[in-house]
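I am opening a page in my notebook for this structure, and I will write down what I looked up, step by step.

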Amino acid sequence: MNRRQFIRGTAALAAAAAAGTGFAFQSAHAAASLNAQAAQELRYMREEEKLARDVYRQAYDRWGLPVFARVAQAEQRHMYVMGRMLAYYGLSDPVAAPNARGGFTDARLAKLYAELKARTEKSAGDALQAAGLIEEVDIMDLEKAAKTAPDAMLRRIYANLERGSRNHLRGFSSTWTSLTGKSYTAQAMPQATVDAIVASPIERGWRS
């Protein structure tokens with residue numbers, strides 16, 4: 001896939017995510033419809049999707065496992081959609097250099113990125129564990145953001161991203177088990193919740 005095809009595809013994904021809610025995905029005019037908390041969470045999710053992409057790219061460069069390349073591409077799409085949503089609501093983008101790795105505005109994410117980068121360099125197993133942690137945290141953050149999202153379109157998009165994160169967790173846990181012969185152990189979510197996700201089939205729908 002060349003760059004032009006990728007851009008067309010991600011634009012279509014963003015439009016489809018919005019269209020599925022019955023709203024038109026148009027230019028910025030709706031900033032007043034987001035309260036301060038919802039706006040902050042949207043900016044945070046934009047950077048959180050970038051963190052995932054950056055870590056997975058590094059992990060693929062270091063260990064060459066296909067799951068890292070595949071999910072990094074998905075996180076690029078998620079990051080793009082969050083950027084489109086910021087533009088839709090007329091909000092500033094915390095990501096100054098979308099194509100560069102690192103450079104996070106949120107201090108918590110900057111600290112987490114440094115920790116995960118170091119962890120990813122230790123071994124392929126450590127990299128998969130780091131990836132699993134990212135997806136668990138992402139699921140929890142998306143659930144939280146969806147509860148405070150003020151409109152159906154944003155809730156729908158968060159739900160689609162959460163479904164993608166569950167699929168990513170399935171992919172990383174499966175690769176971890178194939179690599180180590182061990183079952184994946186939850187790191188942030190309850191073990192029973194993670195076990196239920198891992199044991200269930202891949203979820204279809206909006207591309208994740």
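**Entry 1, the chain.** I noted at the start that this is a predicted model. I looked up the secondary structure and found 7 helices and 0 strands, so that, by the definition of these elements, the chain reads α-α-α-α-α-α-α along its sequence. Of the 208 residues, 48% are buried, and the chain exposes about 9,800 Å², with carbon and sulfur atoms supplying 54% of that area. Among the contacts with a separation of 6 or more, I found that 80% join residues 24 or more positions apart.

I then followed α6, which has 29 residues and spans 42 Å from its first C-alpha to its last, close to the 42 Å expected at 1.5 Å a residue. After the helix comes Gly-181, which has a positive phi near 80 degrees.

I counted 10 salt bridges by the rule used here, and I followed a network that links Glu-162, Arg-166, Arg-170 and Glu-203. Arg-166 and Glu-162 meet at 3.1 Å, N to O, and they are 4 residues apart in α6, which means about one helical turn lies between them. An α-helix has 3.6 residues a turn, so residues three or four places apart point the same way. Arg-166 is buried at 19% relative accessible area, and Glu-162 is buried at 13%.

The closest N and O atoms of Arg-170 and Glu-203 are 3.0 Å apart. Because Arg-170 lies in α6 and Glu-203 in the segment after α7, this pair ties together parts that are 33 residues apart in sequence. Arg-170 is buried at 8% relative accessibility, whereas Glu-203 is partly exposed at 24%.

Lastly I looked up Lys-111 and Glu-115, whose side chains form a salt bridge at 2.6 Å, N to O. Both lie in α4, 4 residues apart, about one turn of the helix. Lys-111 is exposed at 55% relative accessibility, and Glu-115 is partly exposed at 41%.

Key
Residues are numbered from 1 along each chain as its sequence is written. This is a predicted model: local features need pLDDT of at least 70, side-chain atom pairs count only at pLDDT 80 or more; totals for chains, interfaces and linings use all residues. Side-chain values use heavy atoms; hydrogens and water are left out. Helices (H or I, at least four residues) and strands (E, at least two) are DSSP runs, numbered from the N terminus. The expected span of a helix is 1.5 Å times one less than its number of residues. Buried means under 20% relative accessible area, exposed over 50%, partly exposed in between (1.4 Å probe, protein chains only). Contact means heavy atoms within 4.5 Å. Accessible areas come from the Shrake-Rupley method with a 1.4 Å probe; for residues, only the protein chains shown count as cover. A salt bridge is a side-chain nitrogen of Lys or Arg within 4 Å of a carboxyl oxygen of Asp or Glu.
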